[in-house]
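Trainee: I would like to go through this structure with you. Could we look at it together?

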Amino acid sequence: MAKKITIDPVSRIEGHLKIVVEVENGRVKDAWSSGTMARGFEALLTGKDPRDASFVTSRFCGVCYSVHQLASARALDAAFGARVPWGGNLIRNLVMGAEYIYDHPLHFYQLSALDYIDVMAVAEYKGKDKDLLAVRDKIVGLVKAKDTYPLTPRYEPDEFTVKDPEIVISAVKHYIDALKMHSQARNMGAIWGGRTPHYQNIVVGGVTSYPDLNQIARFRTMLDKQKRFIEDVYIPDVLAFGTGPLWPLATMGVGGGHYNYLSYGDFALDPEGKKVVFPAGIIIGLNPANIKVKPVNTEKISESVKYAWYKENKPVHPYSGEQVFDLEKKDAYSFVKAPRYEGKPMEVGPLARMIVAKNPDVLSLVEKGAKPGAVARHAARAIETKLMVDACYTWLDQLQTEMTKPGFKIHDTEHWEPPQTGMGAGFHEAPRGGLGHWIKIKNKKIENYQAVVPSTWNASPRCENGTRGQYEESLIGAPVPDPENPINVVRIVRSFDPCLACAIHLIDPKTNEIRKFIIE
Amino acid sequence: MGEGNILGKELLKELELCGLNRRDFLKYCSLTAAILGLSELEFVTKVAEALESPSKKPIVIWIEGQACAGCTIALAQISYPSAASIILDKISLRYHHTIMAAAGDVAEKAYHDAVKQGGYLLVVEGSIPSADDRFHMGGGMPFRQRLEESAKNSNAILAVGACSAFGGIPRATPSKGISVSEALKRAGITKPVVNISTCPVHPDHLAGTILYVLVTGKIPELDSKGRPSMYFGDARLLHDNCRRRGHFDAGEFLTDWNDPKQKDWCLFQKGCKGPVAYIDCGIRRWNDGINFCLDCGGLCQACGDPVFYDKVAPLYTAESEISKKIWAMREDTKSKKDQV
């Protein structure tokens, strides 16, 4: 008999997410993904000076904060007619590169690792490594003091959980090391970003941070250290887990989903954007033996609100998005809307980017038998972190050359004042995936503002024809032998690196309509 | 000096694990001791005691309302002492849904057990929707209810970040986010609340306040807005400590970020609200002192003050009501000076 399991909250993610799964014969038969918190950022932005948008939308999310600052600034660049000088784009790329370098390892160690290792196995460590013994003593000390929070309570380890004390203890050590590296990577971004979370230097037309050579040297020195951690610790850990104990999960393709992928493309390596770190492309119904990538046409994006707590409306392009909260709506179960490309749900994020790019490292894993799914997402994330490290060195060299030329610029000052009317879209490949912001300006003020963020794509509920969102579809068939211990469900959902606060920010700009649903 | 006696072997091992040597630790202690008005020896002894008795770790519950998790990331960014050592060694973190291993019912049980036990430090990130409870549900209950029940059994509450301290950006949205103090007032609950504002919370302010509570068992002295006086308040006006202040007084305002000559000029005309920001950012800076808003050519938007966000908008011009007031104050001071 089918049994419904509710996981609320799904922890170790950004934001507030509820997952309901129906389990029959030890497998997930159906799934529902619900975003359970909303603020309503668009209403706040309506009527404001358009330049406020990059600052305010940064607060969609404090984990991937500046991705919105950048996408928003790019939408404003388009609407203002601003042309960002190459120097400005280099600095934008570098601070976002720093964000990838902290964000991806943080996701693996702090947000995911506890799903795959039995932390308590460290007590069995018999080796002589001084650092690892210190880790063992620390954890054993917590156990003896009968206080192992927040490492416990937890879902119980299952047959896929790594219990080998040697592997577990080094993973726990790296969990602690990664926190230190995380803090230093953020400091690297702050060299031009000003501070973290929430950079302060990205504005319409470019950046505010005029660089000097000392800063370049400082960034490079810090990058050297990050590179060593990523190459010597992070990537080997992910590959050791993925091709070792987790290989059965990888070859089963647990957490696959719809096999549709979208990447807007981003991170130019030259002023004309001829070479980029992440190419753009669409894949519908992946065939790993013959990957067909089509060009992206953002006009084909629409958002459905059929199962979301917004007033009934047909699917529309984000420019014309009109949403009013309807908290009484029958059949609705999420604050997240359902974006679709040509009516189809898409996965965005590292796996989508690496498949669209036909990355050789990812393809070689596929050749060995790995299928796109939860484990592949972790691998793709690690592989692209390395690409970003390499790109940062390129941008540092370019910035060093550029800034010593006469007439060096970081900002289009001539297009600083808001236009009377205008509209623009801004796209960015954020660590969690493709991100788009759309703005309409009237009388120098924001008339309408919409964002379709990575987790809106991935965490979306069903759309008009009842097709499941990507989280939901990826859960179908997942093994759940014990309904009390749905550890595979959270493994799959976390492999996407959910970010729910970002995904829910929408509301109709017409204040008179808003009042209708507000219960005073 | 007898440092070895104070810093026991266990503690030294732990510090080493956090990447701190004895010298770093003592330097850190002497600085903090000075802030707290304690003798260095007394402070080191107290900290050593607090750190070496893990079984007595104070219980902390961290709940997230209408938040962006930026304050959680600020927690993860704390360097001195490291975030890992705070989370694993100094506190017993019973509930924090971005960090904890557990999910769903297992997580909720840990939460309810801790609330039942009582006597914990409650940390709140994010605002509380006042327009309708359904704007934020979690674990089967409205966030408002979670705040009220966890506040009742707490010893003290830290409202971290602009949203929980004063309503922040959500205050201006249709969900009408309100601060922790306001939500508790409406529910008739009286508890000491420390507002550690800024968007997000400054990692040093968070670490320092937690350490203060751990060391003294009390909440720090607060300013008129309920913020720790050691970081905020009348004595900490950013404008007074701004390295661009001379240019403000001289009327030299940056208009072009491309011009190296203007690089250090005052950012007022671009929309800086430093003259109404009562915070120590200018001296403390951010990210272990590497930078802060004004030193990347960015602006202060007084994110640690109750005026943030709705009253400081528009952000990137000098046309807000607040900017006009700042200008009027400047003109007033200038004319008085001219008379002298």
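Trainee: In which sense do strand β3 and strand β7 of chain B pair, and over how many bridges?

Mentor: This is a predicted model, and in it β3 (residues 120-125) and β7 (residues 154-160) of chain B pair in the parallel sense over 6 bridges. Within that pairing, B:Val160 of β7(B) is the bridge partner of B:Glu125.

Trainee: What order do the strands of the open sheet in chain B follow?

Mentor: The order is β2-β1-β3-β7-β9, an open sheet of 5 strands with parallel pairing. At the edges are β2 and β9 (193-196) of chain B, each of which pairs on one side only. From one strand to the next, the twist averages 25°.

Trainee: Which strands does helix α8 of chain B lie across?

Mentor: Helix α8(B), residues 143-152, lies across β1 (59-64), β3 and β7 of chain B, and it runs at about 165° to β1(B). Helix α10(B), residues 180-187, also packs on the sheet. That helix, α10(B), touches β3, β7 and β9 of chain B, and its direction makes about 135° with that of β7(B).

Trainee: And chain B overall, how many helices and strands does its secondary structure have?

Mentor: Chain B has 14 helices and 11 strands. Of its 340 residues, 58% are buried. Among the contacts in chain B with a separation of 6 or more, 69% are between residues 24 or more positions apart.

Trainee: Now the interface. How many residues of chain B are in contact with chain A?

Mentor: On chain B there are 76 such residues, in contact with 77 residues of chain A. Elements of chain B that each supply at least two residues to this side are α2 (9-17), α5 (70-76), α6 (83-90), β2 (92-95), α7 (104-117) and β5 (137-138).

Trainee: Which of them gives the most?

Mentor: Helix α5(B) gives the most, with 5 residues. By class, the side of chain B that touches chain A has 42 nonpolar, 25 polar and 9 charged residues.

Trainee: Over to chain A. Why is helix α3 described as largely enclosed?

Mentor: Because 15 of the 16 residues of α3(A) are buried, the helix is largely enclosed by the rest of the structure. A residue is buried if 20 or more other C-beta atoms lie within 10 Å of its own.

Trainee: How far does that helix reach from its first C-alpha to its last?

Mentor: Helix α3(A), residues 65-80, reaches 23 Å, close to the 22 Å expected at 1.5 Å a residue. Just after α3(A), A:Gly81 takes a positive phi of about 75°.

Trainee: Is strand β14(A) mostly covered or exposed?

Mentor: Strand β14(A), residues 445-452, is mostly covered, with 6 of its 8 residues buried.

Trainee: Last topic: at what angle do α11 and α14 of chain A pack?

Mentor: Helices α11(A), residues 374-403, and α14(A), residues 487-495, pack at about 35°, with their axes 8 Å apart. Their crossing is left-handed. A:Ala374, A:Arg377 and A:His378 of α11(A) make the contact with A:Arg491, A:Ile492 and A:Ser495 of α14(A). These residues divide into 2 nonpolar, 2 polar and 2 charged.

Notes
Residues numbered from 1 in each chain as written. Chains lettered and ligands numbered in written order. Predicted model: local features only at pLDDT ≥ 70, side-chain atom pairs only at ≥ 80, totals over all residues. Contact = placed C-beta atoms within 7 Å. Helix = DSSP H or I, 4+ residues; strand = E, 2+ residues; numbered from the N terminus. Nonpolar A, V, L, I, M, F, W, Y, C, P; charged D, E, K, R; others polar. Expected span 1.5 Å × (residues − 1). Buried ≥ 20, exposed ≤ 12 C-beta atoms within 10 Å, placed from the backbone. Pairing = 2+ DSSP bridges. Axes fitted to C-alpha atoms, helices over the stretch in contact; angles between N-to-C directions. Left-handed = near helix turned anticlockwise from the far one by under 90°.
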